[in-house]
Amino acid sequence: MVAISCFVYIPLRLLRKSPCFDEGDGCWWNFREIYEHPFSKFINHSTWYMVFLVFVILNSMQHSFATRLMGLEWIDYVIVFFVLGFLVQEYLEAKRQGYYVYMSKWWNIVDTIIILTFLVSYAMWMISWRRFGKWNPREQVFVIADVLYASATVVAFFHLTHIFQVNSVLGPLQLSLYKMLKDVGRFLFIYLLLYLSFATGVVKVYSFYVTSQIELQKQNMSSDPQDSHPYDNHPNSLLAMFWLLLGLVEEGDIAVKDPSFHLTSAFGRLFLMAYVICTVIVALNMLIAMMNNSFEKIMDNADVEWKFSRARMWLEWIDKGSTIPAPLNLIYYTLFGLFKFFGWCLRISVEKCPCFNQQDEERNSQGDRATHIQERNDTMIDLILKYLRKHYLENN
């Protein structure tokens, strides 16, 4: 029903200046009023966005590549069509609101990330195909493009939680999730400081041991040479210490083979124990306490916090300029551009006609403009006089 109403609305919107569709003209005008209602816009956009997510899910289920030359299936082109519709929609919205105001809203940033990630993914895929002349899955650039597409998919599903604000049960939970993510963002500054400091210390301890073993091996003084260790460089150390947060650690990764370096093992254990205490016991529990505090505040003030958030969302839909959802807006703007082009061509041909008096047209246009300006000035003068008269009467 939503799809059918969109296809009915597009020609009505294109013919909005026609005398047949003047304001108050029966069922046609009533249909336009209903379709352009904020709630109808919310339903239309949300429905088509869920259709977009359905195509994304279907795309993730494919296990073959129909177009061997490019490695893309027909469903990929449908997703590109949706993404281009989102791009046009958000660009016009940002242009109408102003880019600073547009980027000051959280969900607009999420929309921008979704669109740009999808576009970069497909752009890298197309550029790589043009460069290599065919689809070559062994090239790393195709893997990167696929990973970017997967990342955009995750963020696209996360954006769906924006719809939950209309529900009295899911709305406070969605708002709590948003507040908790802000807590996680603040917590990461403290955690990254601890993470990098302990990782650097552990790397220094074990890199000294590995370097010493290599030097002793050159001097034939090492009975059990060891030229590497799981904690002797930053990439391995950072990865191992991340899994240590989940309790995934083995004693053999901490110990060293040379008994002469037993202090290395001892201090390595002390560093990792201090890391676990500072991060797992202290920092993570602090994060849990912060999230519990945010959740309790939202639930205690659910009537205020959630209703304010829902009212702000409805105000955005009231102010939202794009009535036609993506990707149907591409059809509308294409037809609108063609209508303007043909209208311009018709106007040029009429102006070239001998019977057309351009001076009369310009004179009438200037006369109408002057009349409109005069009426506007008269209205402003009346309003100012009413204000001054009321202000004078109140003071006297």
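A residue is called buried under 20% relative accessible area, exposed over 50%, and partly exposed in between (1.4 Å probe, protein chains only). By this rule tyrosine 332 is buried, with a relative accessible area of 6%. The model is predicted: local features need pLDDT of at least 70, side-chain atom pairs count only at pLDDT 80 or more, and totals for chains, interfaces and linings use all residues. Residues are numbered from 1 along each chain as its sequence is written, and side-chain values use heavy atoms, without hydrogens or water.

The largest nonpolar core holds 34 residues. Such a core is a set of buried Ala, Val, Leu, Ile, Met, Phe, Trp, Tyr and Cys residues joined through side-chain atoms within 4.5 Å. Tyr49, Phe52, Ile79, Phe86, Phe118 and Ala156 touch the most other members. Two or more residues each come from helix 1 (2–14), helix 3 (38–60), helix 4 (74–97), helix 6 (106–132), helix 7 (140–159) and helix 13 (328–351). Helices (H or I, at least four residues) and strands (E, at least two) are DSSP runs, numbered from the N terminus. Helix 6 gives the most to this core, with seven residues. Apart from this core lies another, of 22 residues, among them Tyr195, Tyr206, Tyr209 and Leu287.

Tyrosine 49 is in contact (heavy atoms within 4.5 Å) with Phe86, Ile114, Ala156, His159 and Leu160, leaving aside residues up to four places away in sequence. Tyr49 also belongs to one aromatic cluster with Trp48, Phe52, Phe55, Phe82, Phe86, Phe118, Tyr122 and Tyr149.

The whole structure contains 17 aromatic pairs. Rings of Phe, Tyr and Trp (its six-membered ring) pair if their centres lie within 6.5 Å; planes under 30 degrees apart count as stacked, over 60 as edge-to-face and the rest as tilted. Tyrosine 191 and tyrosine 195 form a stacked pair, 5.4 Å centre to centre with 15° between the planes. Both lie in helix 8 (residues 170–218), four residues apart, about one turn of the helix. Tyrosine 191 counts as buried at 9% relative accessibility. Tyrosine 195 is buried at 12%. Tyrosine 332 and tyrosine 333 pair edge-to-face, at 5.2 Å centre to centre and 65° between the planes. Tyrosine 333 is partly exposed, with a relative accessible area of 33%.

An unreviewed UniProt entry annotates "transmembrane region" at residues 74–92, 112–129, 141–164, 184–209, 270–291 and 330–350. Positions follow the numbering used here, feature names are shortened, and annotations may be inferred rather than shown by experiment. Residues 74–92 are 100% helix and 0% strand, with end C-alpha atoms 28 Å apart. Residues 184–209 are 100% helix and 0% strand, with end C-alpha atoms 36 Å apart.
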